[in-house]
Every structure is written in structure tokens, then in C-alpha cells.
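Here is a short report on one protein model and its ligand. Keep the structure open while reading.

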Amino acid sequence: MSTVLQAASELLERLAQAGYKGFIVGGFVRDRLMKRPTGDLDIASSATPQEIIELFDRVHPTGLGHGTVTVMVGDLPIEHTTFRTEGTYSDHRRPDSVQFVTEIEDDLARRDFTVNAIAWNPLADSYVDPFGGRQDVHQSRLRAVGSPRDRLQEDALRILRAIRFATTHDFELDMELRHALAATAHKLKEIAVERIENELDKILSRSSHPSRGFRLMHELNLLEVILPEFIPMIGQRQNRHHAHDVWDHTLQVLDACPAEPTDFRWAALFHDLGKPLTAEPHPNQQGDFRFFGHEKVSLQISGDIGKRLKFSKARQRRVDQMIAHHMVHPTNDWGDSAIRRLLRKLPGEDLDDYLTFKRADVTGKGTDDVNTLLEQVDRIEERLRREQALGHALQRRDLAIDSHDLMTLASRPGGPWLGALQEVLLEAVVEDPSFNQRERLESMARTWLANHFTS
Ligand code: ATP
Ligand code: MG
């Protein structure tokens, strides 16, 4: 028995002794029945938060307003929520009020899907399963508790939760739920973007084939509500280098990217967004399209979506670095200085990201020569790593003269000029590493200063 399950059983035992009814509920029960790795464990019981505080030594008031407290069992935190029903959802986000109730059945009735509405008592190994959740688990079916339309209207986030569970747990959507999803899609507009980003992130990180979620979102009209920028990719034909249209290619790249961090998968979703806007028929190859500079347009759209979904700065930067460089293919005729210029643009983990993304992008082409193309990426990697190992200066801090010395040389305080000068010196050094000597840089700096600050 897992330690968290042991701790939960201990807690439930104490509750039973004190005369309360208690169960493990939610995702833990579902995942355990599916023999999948379980996540956090939630307990629901008839004890009020106040009664829990009196019964246990260490209790944190996590969400008192909604009846949730965290009980420490040993050093394990267990969430406890009093059996409750919910009031109306006037803002489609959270219930306006909750009422404590005494029966588990009433609590289960407020939950979103039958597979999430099973209560399990591990002490007696007995279930309370009024909506047939276990059978749905068994048949891999996602079904709403009660009327799907009503449930989705109450809290539109459930729309995305449905897509998430279908994607991560390979559930088939029950027909009635499917219709309701399409019919209520527009309600997603009313949901806070943070909650949407959070659900999308779970779809991206918790499945080996997140493409399924995005195909469902397209089929059920959700895509045009939350990510309308994606629509033009659907059906956009490409050329002989691709077996798929832009949308299918995007989804293949998506699945080929690592799951964590989800930045890779966001980059996959965004990297070819600019293709439909830059598409032009190839002048000589009939039926082929070309997409000059599409990565720049993709970057713009990535910025727009990132702003809307409130991406962190770090995420936006990382995603954009992958998009910006996905069309860079170093070939044999590249000189060492060109390789160094690329390395300079890919500091830190950006180089690994670039290579990982490139492999996923190539894999997503779906053509017969994918293996040959992947071998080409191996050779690109070798070349980049070899150059990197030489340890030549690639960043300002690697210059043989530091900013303090440059200010002394110029007899002036720092300012925008300093960065500009350092860039010039670095460019020269990246072009020819033998320049990275103090005297040579000093003399170059003097010339630059004389040209820029004529007295
Ligand atoms: P996981 O923790 O793996 O993401 P989960 O099913 O445990 O999945 P939680 O968000 O932890 O999801 O919620 C716990 C339980 O609370 C769910 O199983 C479900 O019964 C209920 N629940 C959560 N969010 C909602 C919602 N928006 N509407 C109705 N019930 C919900
Ligand atoms: Mg959970």
C-alpha cells in the first residue's frame, strides 16, 4: 500500500471512530481503478472543517470557504473537503456558494464526470458509485454526471476538462457529452485565461499524444473559440518535403516533442502558424507551396497568443527561441564562424532546445527520408558541439576586456554606447577568435570610440 494511501486510511479510521462517514474521492479513485499512476489524494467526509480542526492536531485552512482543509498525517498533507453541494454559477467560474451536506451521494452529484464521481472506502474496500462511474472506467467512456449541457453551462471549464481527460486517459466521449461540448463551446470565452492555460498545459504535459486533444478541440468547435489563429493551418497544403498539411504536420511535431517542460509542445503548436499567411505557389514545382520568412510571422502570432494566455516571460522566450531558429539548417558549406554565430544565438539550454525541436520537426514531416534527415541533425549536432567544446568567446562576458576597463578607456560612465561597443567587439571575436586579446580589443575599441565620440 502506498504511503499516501496508508495515511488516508489512518485519517479515515479516526473519522469513523468519531462517527463520521468518509471516503477517498476524485482522481485518485479513478486512476487507481484504471491502474494508472495516481496523483493527489482527496478525502471527503461528513465532518465540517471545524470538526476536523478539533479532531486532528495539525490542520491548515486551505480553502475554508469551500470546506477544504489540509490535514497533516505524519509529514503527509491530505486534503479534506466536507461533503457539499454547490449553488449557482453566475460567472461560469466558481459556485456562488456551497452548502455542506451529510450524504456522500449529494456530494458526488455535483462532480463533473461519472469517472470522477466514485467514492471509495479503503477500510471496507467498498464503493459508492451512484452514476456508474466504474462501468464507464471499464468501458473507457467519459460521461457527464446528469445533463451534460447543464453541467457544462454551470462551469465552462468542464468543457476543457472533458477534452483533457479524453486525451490523457484515452476516454471516448459519450455521444450526449460530445453534442453538448460542441453546443456550449462558445461559453469558454467566459473562462479566465489562467484556467484555460492551466488545462491546456495539462493536456500537453500529461499525454504521449496530445494531438488527440487538439483534434477533438477542432472537431467540437473549441479551437475557433480559444485558439482561432490555428484554423488557417487546417488544410494548408505544403510541398514535396512534407507528407502532411500544416495542421497535421503541427500535430505530428507536437506528439514528437518531449512532454516536459510543455514549452516544447507550445513551440510545436506555434512554429508554423505563419505558413498560411506567407504561402505562395512554387513558380516551378506545380502544386507545391513555399513559405518564405514564415517563422517571423509565427513569432508574431506566438507573441499575440502568449500575451492572451498570459505566458510567463521565461516561457515566451523559450518558445520563441525554438520558433525563431527552426528553419536554420547548418550545412557542410558553413564555415566555423557561421557555426559560432549560431551558437551565440543559442546560449545555455537554447542549444539543446534547438536540437530537440529540430528532431521533432523533422519527424513530423512524415516523408520516407525522415531517417536520413535525422542523421543530418546528428551531424549538425556534432559540428555544433565540437565548436562549442573549443570554448571560444560567444558572449560579452567572454571578451578579454570587461565593461569596467572599457569605461576607463573611454573616460565615461556606462550607457547605451557600452553595449553597442561590446557587440562590435564580440562580432569581431566570433568571426575570428584570435582577436580575443586585450591589446587587439583595446585598439579596436579606441578606433570605435574615436568614431563615435568626436570631441
Ligand atoms: P487530476 O488531479 O489528475 O488532475 P482530478 O480528477 O483529481 O484529476 P481535480 O482538479 O484534482 O481533478 O479535482 C478533484 C475532483 O473534484 C474531480 O475528480 C471532480 O470530482 C471534482 N472536480 C474538480 N473540478 C471540477 C469542476 N470544475 N466541476 C465539477 N467537479 C470538479
Ligand atoms: Mg486531483
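Which residue takes a positive phi in the hairpin of E3 and E4? It is Gly-67, with a phi near 85°. That hairpin has 4 residues between its strands. Bear in mind that this is a predicted model.

**Strands E3, E4 and E5**

Strand E4 covers residues 68–73. It pairs with two strands, E3 and E5. Strand E3 spans residues 59–63, and its pairing with E4 is antiparallel over 3 bridges. Within this pair, Thr-68 of E4 stands opposite Gly-63.

On to E5, which runs over residues 76–82. E4 and E5 are also antiparallel, here over 6 bridges. Val-69 has His-80 in E5 as its bridge partner. The hairpin of E4 and E5 has 2 residues between the strands. Gly-74 takes a positive phi in that hairpin, near 60°.

How much of E4 is buried? The count is 5 of its 6 residues, so the strand is largely enclosed by the rest of the structure. In a regular strand, side chains alternate between the two faces of the sheet.

**Ligand 1**

Around ligand 1 there are 15 residues. Those that come nearest are Arg-30, Asn-116, Asp-155, Arg-158 and Arg-206.

Taken alone, ligand 1 exposes 580 Å². The protein buries 81% of that area. The size of an interface is often given in this way, as the accessible area lost when the parts come together.

Helix H9 covers residues 193–205, and Ser-205 is part of it. Is Ser-205 buried or exposed? Its relative accessible area is 18%, so it counts as buried, the limit being under 20%. Which residues does Ser-205 contact, leaving aside neighbours within four places in sequence? They are Ala-259, Glu-260 and Thr-262.

**Domains**

The protein is divided into domain 1 (3–133), domain 2 (140–226), domain 3 (258–391) and domain 4 (396–452). How far apart are the C-alpha centres of domain 1 and domain 4? They lie 64 Å apart.

Conventions
Residues are numbered from 1 along each chain as its sequence is written. Chains are lettered from A and ligands numbered from 1 in the order in which they are written. This is a predicted model: local features need pLDDT of at least 70, side-chain atom pairs count only at pLDDT 80 or more; totals for chains, interfaces and linings use all residues. Side-chain values use heavy atoms; hydrogens and water are left out. Buried means under 20% relative accessible area, exposed over 50%, partly exposed in between (1.4 Å probe, protein chains only). Contact means heavy atoms within 4.5 Å. Domain bounds come from an automatic or database domain assignment. A residue is near a molecule or strand if one of its heavy atoms lies within 4 Å of it. Accessible areas come from the Shrake-Rupley method with a 1.4 Å probe; for residues, only the protein chains shown count as cover. Two strands pair if DSSP finds at least two bridges between them.
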